[in-house]
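The sequence and the structure are shown first, and the description follows.

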Amino acid sequence: MENPFIYGEIVPDEAFADRETELDRLVADLSSAQKVFLISPRRYGKSSLVHRALHTLSRHGALTLELTVSSYSSYLAFLEGYARALATVETTWQQARAWLADVIATTRPELRYEPEEGGPGRFSVAFPLVRTAREVNRLANEIFSLPGRLAADRKRTVVVALDEFQAIDAFDGGEVEHALRAAAQQQRQVGYVFAGSEPSLMEKMIGPRRPFYKAGPVMRLEKIPPAVFAEFIEARFARSGIRAEPGLGAAIVDLAGNLPYDVQRLAHETWDDVRSSGGRRAGLEQLHATLTRLLSEQDTMFEAVWQRLTLAQRAVLRAVVLQGGRELLSADTRARHRLGGPSSIQASLAALVKHDLLLKEGQQYVVIDSLFREWIARKTY
Ligand SMILES: Nc1ncnc2c1ncn2[C@@H]1O[C@H](COP(=O)(O)OP(=O)(O)OP(=O)(O)O)[C@@H](O)[C@H]1O
Ligand SMILES: [Mg+2]
């Protein structure tokens, strides 16, 4: 029996919970060729949602392609990856080669095919003649126009997903954004989703004076409603032959701070422990045993993170955990946790946010990693 909970990768359809409204909206916006910005903190489920939406769109006849901007080490490498993805949308390698040679006029693309044992083989595109920044920009303009060309050539809607889009900033700042926005705007048959996981960077990108200002609808992905997620978890346990005692789903969601990744991790690990001990039921006792195991496995790493913090930051972080992230500046909290003045607390909070340890949700600060939160509560003083 396979573990029904998945974390750390894009979730397959059967392990995908809720998000029905978000999915409907994304599918509708993309099929009407909108340019959508999808923003959320890390590990909320953007990539999974985008993947699912593209899957639906492709079943409805659209040509879809997905690229993770952050995985390219340079602007040119990104353009090569983009060209490759465009060329190989549902075509054979020979057709892809012919199409690219036809549509790229400013330089000569080099196409390589490497056969792969037991697989369809790998195909790569390179632009060896492109060297200067000017040549790169010229090529970029050409490649960014290709989704429109593809839609026209194939008489199909094209949908482009650029994940980790905030990473585009590192390539060469303003130029890429301008070029991409200008091209996308003219493509009436092409939907785009720009997904990004650093909300502050993404919000800046859609701010006034930036190319993507008012380019299209903005979706801010929230957490999954806790009751829905809890029920989903219990149902998945049941279907896999392990009975979840009532309340287990809610306890997992709560302990995981309702972060989708953490919820799945805790459910996955609990399921594993129950399974390997030959049990058929999972309850709070099993959940806590699993939590204890996970905390001890991560102990060295958490200890190292803790050691790197200043004393003031440690005190503030502990206060966040013990106070549930609220009322941190009040005289009462400051006295109880022996914190400094409000401005020093603010400075520590800002540093902790910058280190990706804390996140501000409305008026509340939360520790992003729920295991780290539990570790702080148990192992620090
Ligand atoms: N709809 C969902 N149902 C169930 N689990 C989900 C869902 N969405 C996300 N998850 C869980 O969260 C994990 C992270 O999801 P995903 O990679 O899609 O998020 P992300 O926002 O793209 O994260 P990152 O910012 O790290 O790229 C998944 O591996 C899965 O465990
Ligand atoms: Mg992602």
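## Ala183 and its surroundings

Ala183 has its place in helix H7, which covers residues 174-185. The structure described here is a predicted model. Ala183 counts as buried because it has 20 C-beta neighbours inside 10 Å, and the cut-off for a buried residue is 20 or more.

Apart from neighbours within four places in sequence, Ala183 is in contact with Phe144 and Ser145. Ala183 can also be compared with Leu146: the two are 37 residues apart in sequence, while their C-alpha atoms are 9.0 Å apart in space.

## Overall architecture

The secondary structure of the protein consists of 16 helices and 11 strands. Along the principal axes, the C-alpha atoms fill a box of roughly 70 × 55 × 35 Å. The protein has 381 residues, of which 36% count as buried. Among contacts with a separation of 6 or more, 71% are made by residues 24 or more positions apart.

The domain assignment divides the protein into domain 1 (19-220), domain 2 (225-297) and domain 3 (309-381). The centres of domain 2 and domain 3, taken over C-alpha atoms, are separated by 27 Å. Eight residues from domain 2 and five residues from domain 3 take part in the contact. On the side of domain 2 that touches domain 3, helix H12 (residues 284-308) gives the most, with three residues. By class, the residues on this side of domain 2 are six nonpolar, one polar and one charged.

## The shell around ligand 1

Ligand 1 is surrounded by 23 residues, and the closest are Gly45, Ser47, Ser48, Ser197 and Gln264. Helix H2 (46-59) and helix H11 (260-276) are the elements that give two or more residues to this shell.

The shell comprises 10 nonpolar, seven polar and six charged residues. Domain 1 (19-220) and domain 2 (225-297) each supply at least three residues to the shell around ligand 1.

## Helix H2

Helix H2 has 14 residues, which at 1.5 Å a residue should span 20 Å; the end C-alpha atoms of H2 are 20 Å apart, in agreement with that value. Of these 14 residues, 10 are buried, so H2 is largely enclosed by the rest of the structure. The buried residues are Lys46, Ser47, Ser48, Leu49, Val50, His51, Arg52, Ala53, Leu54 and Leu57.

What do the buried residues of H2 pack against? They pack against helix H1 (20-31) and against strands S1 (35-39), S2 (63-68), S5 (158-163) and S6 (190-196). After H2 comes Gly61, whose phi is positive, near 105 degrees.

## Helix H12

Helix H12 has 25 residues and reaches 34 Å from its first C-alpha to its last, close to the 36 Å expected at 1.5 Å a residue. H12 bends by about 55 degrees at Asp299.

Gln286, Leu287 and Thr290 are buried in H12. The cover over the buried residues of H12 includes helix H10 (248-255), H11 and strand S9 (281-282).

## Residues with a positive phi

Most residues other than glycine have a negative phi. Arg19 has a positive phi of about 60 degrees although it is not a glycine. Arg19 is placed in the segment before H1. With 19 other C-beta atoms within 10 Å, Arg19 is partly exposed.

Arg43, also a residue other than glycine, has a positive phi near 65 degrees. Arg43 is found in the loop between S1 and H2. It is partly exposed, with 18 other C-beta atoms within 10 Å.

## Gln34 in its loop

The loop between H1 and S1 contains Gln34. Is Gln34 buried, exposed or partly exposed? It counts as partly exposed because 16 C-beta neighbours lie inside 10 Å.

Not counting residues up to four places away in sequence, Gln34 touches Asp29, Gly191, Gly216 and Pro217. Between the C-alpha atoms of Gln34 and Ala312, which are 278 residues apart along the chain, the separation is 47 Å.

Definitions and conventions: Residues are numbered from 1 along each chain as its sequence is written. Chains are lettered from A and ligands numbered from 1 in the order in which they are written. This is a predicted model: local features need pLDDT of at least 70, side-chain atom pairs count only at pLDDT 80 or more; totals for chains, interfaces and linings use all residues. A residue is near a molecule or strand if its C-beta atom, placed from the backbone, lies within 6 Å of it. Helices (H or I, at least four residues) and strands (E, at least two) are DSSP runs, numbered from the N terminus. Ala, Val, Leu, Ile, Met, Phe, Trp, Tyr, Cys and Pro count as nonpolar, Asp, Glu, Lys and Arg as charged, and the others, Gly among them, as polar. Domain bounds come from an automatic or database domain assignment. Two residues are in contact if their C-beta atoms, placed from the backbone, lie within 7 Å. The expected span of a helix is 1.5 Å times one less than its number of residues. A residue is buried if 20 or more other C-beta atoms lie within 10 Å of its own, exposed if 12 or fewer, and partly exposed in between; C-beta atoms are placed from the backbone. The bend at a residue is the angle between axes fitted to the seven residues ending there and the seven starting there.
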